[in-house]
Amino acid sequence: MASSLRFNSKVFLLTSCLVSFVLLTGSAVGETKVPENQGTQKIIVSHAISMHDQPKYPSTFTHFDYVSPNALKGGEIKLSSIGTYDSLNPFITKGNPASRIGLVYDTLTVTSQDEPFSKYGLVAEKIEYPEDRSWVIYHINPKAKFNDGVKITAKDVVFSFKTLVAKGSPVFASYYADVKDVVAIDPLKVKFTFKNTKNKELALILGEIPVLPEHYWANKNFDKSSLEIPVGSGPYKVKSIDAGRSITYERVKDYWGKDLPVNLGSYNFDRIIVDYYRDSTVAVEALKAKQYDFRYENSSKTWNTGYDVPAVKDGLLKKQAIRDYSPRGMQAFVMNLRKAPFDNIKFREALNYAFDFEWENKNLFFDAYTRVDSFYSNSDLASSGLPQGRELEILTQFKDQLPAVVFSTPYKNPVTDGAGNNRANLTIAKNLLTEAGYTIVDGKLVDPVKHSPVIIEFLERDPTFERVLNPYAENLKRLGIQLNIRVVDDSQFMNRLNSHDFEMTTHSILQSLSPGNEQRDFWGSKAADVEGSYNISGIKNPVVDALVDLIISAPNRAELVARTRALDRVLLHNYYVVPHWTNLNHRLVYWDKFDQPEIAPKFDLVYESGLMSWWINPEKAKRIDAPKN
């Protein structure tokens, strides 16, 4: 769902997800109004809310710094997606939603992409809350309307919240679990009341709710995937679909929010066309043939060797690397702990020693990557060394429930010299398997319980990833483990993942600068048994549950950092995944028909470094479209 939605929100970044956790006692300087007192509490009414002291932008701001207010409107951009789609409903687990469908929907607030976590009004023009954040009231902008002309009301927000929690993806129910009540107190005010005052993030993340039109959904089945074109309130509407192959979005000419400061300079293309391709190899060739305009390149091999074409040499096809400052999270081989032998910690650790990252980086990735050693990599939330100070105090509470190595040995990924001889690490892996009771019979590793050879099915949807898996499979074979690679189509992959019907797979867990309520869905025991949750591995660990609760209730930034580092360390030392690698740059390839703002958004992951703030340069476009002599 992360790639489906429009805004940089934690609920969809999973994944998809970017922000931070410090108690706020006021809004931007000079912007707070105090209409009443409730006891000794100050009631704050503001255009924005932040978990970092004060929002960066005052109520008088005209546009975000990373857009150009003079951007030209017009033209079209063609994009690509891999696989297929069979639904225009991105809010449920059924079906595979169309790429960019989130452009159809507005949310109550939007996240600025150059701050760790601040929310600014969109559908809600003002945000009202007490100092203890025990409730929040969103004031609906009187100008807000759906794209069929119907006004947005507080009742639509109530309907949206209740529908998403009851019938949407299980991430909604988990994410908003601490909401006690929601009520429309008048046509333009909706109030959310919370179960406690510890969950300070709720006042912000409720702004991520996509506002759905109650009148449209009244006689429709929300929890059923459908290709019926939906009604939204966003800057684009679906113009046409070629089911599973292509979708075209058209800019809403009378979009109600086009002049708001949060939108100025964005959504400049008249049309956005997304064409689907079978795999990334075909998609790259289509880009070079000018079948579409822009690609986010995630293959180091293709980045280094796949664009040696005249168009690049002539400057018509651009390659651009933009530094990424957001947390990189964890990409990894993920194991399904619900199934043996992955419920054995020593077996999981042995699988990590079998992965020769250094060889693969050298021979497959052009030494472009560094190994990920944290679930919160590229941020101050990542654990390192031995636990100290406040982090140590937190972990000591659970000492009897944690592996002793948490306190005695810093987590480090296995390392090789990259020469292809992984003998030392495979010896360690073999010893771990022996300690776990496994034996070798006729060259095959035999399970101590089932007394049968260990065979692992690896579920994959990208056939090009087999080149990464094959060397890993060879190392596992030396341990007596048979790894069978099963490549399936995109829809089947998602269905099997959602229903926990897999043994190992590749998965990315994106993180934010302010982990909070979404961590329940990533790691929580309750989420492990819920189909469609992001707890892919099926982790059920009471210490992890307790640490997640501590993160959600963190009273300030320093405490958040300590608690998150503690969780990171516990996750790492339980060997739930075999960590992959990361690259600290966005790698973009595009036909040189665009202009860009001078400043790129610092924390944008969803839309590839601010693509929605780019615009067509007519003179450049003529040069690109001109026929060859």
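Four strands form an open sheet in the order E4-E13-E12-E11, with mixed pairing; strands (E, at least two residues) and helices (H or I, at least four residues) are DSSP runs numbered from the N terminus, and two strands pair if DSSP finds at least two bridges between them. Strand E4 (76–82) and strand E11 (236–242) stand at the edges with a single partner strand each, so one side of each has no neighbour in the sheet. From one strand to the next, the twist averages 20 degrees.

The model is predicted: local features need pLDDT of at least 70, side-chain atom pairs count only at pLDDT 80 or more, and totals for chains, interfaces and linings use all residues. Residues are numbered from 1 along each chain as its sequence is written, and side-chain values use heavy atoms, with hydrogens and water left out.

Tyr236 stands opposite Arg251 in E12.

Turning to the helices, the axes of H11 (residues 389–396) and H19 (residues 557–573) come within 9 Å and cross at roughly 55 degrees; axes are lines fitted to C-alpha atoms, for helices over the stretch in contact, and angles run from 0 to 180 degrees between N-to-C directions. H11 and H19 are therefore oblique to each other, a class left after angles under 35 degrees (roughly parallel), over 145 (roughly antiparallel) and 65 to 115 (roughly perpendicular). The contact (heavy atoms within 4.5 Å) involves Arg390, Glu391, Ile394 and Leu395 of H11, and Glu559, Ala562, Arg563, Arg565, Ala566, Arg569 and Val570 of H19.
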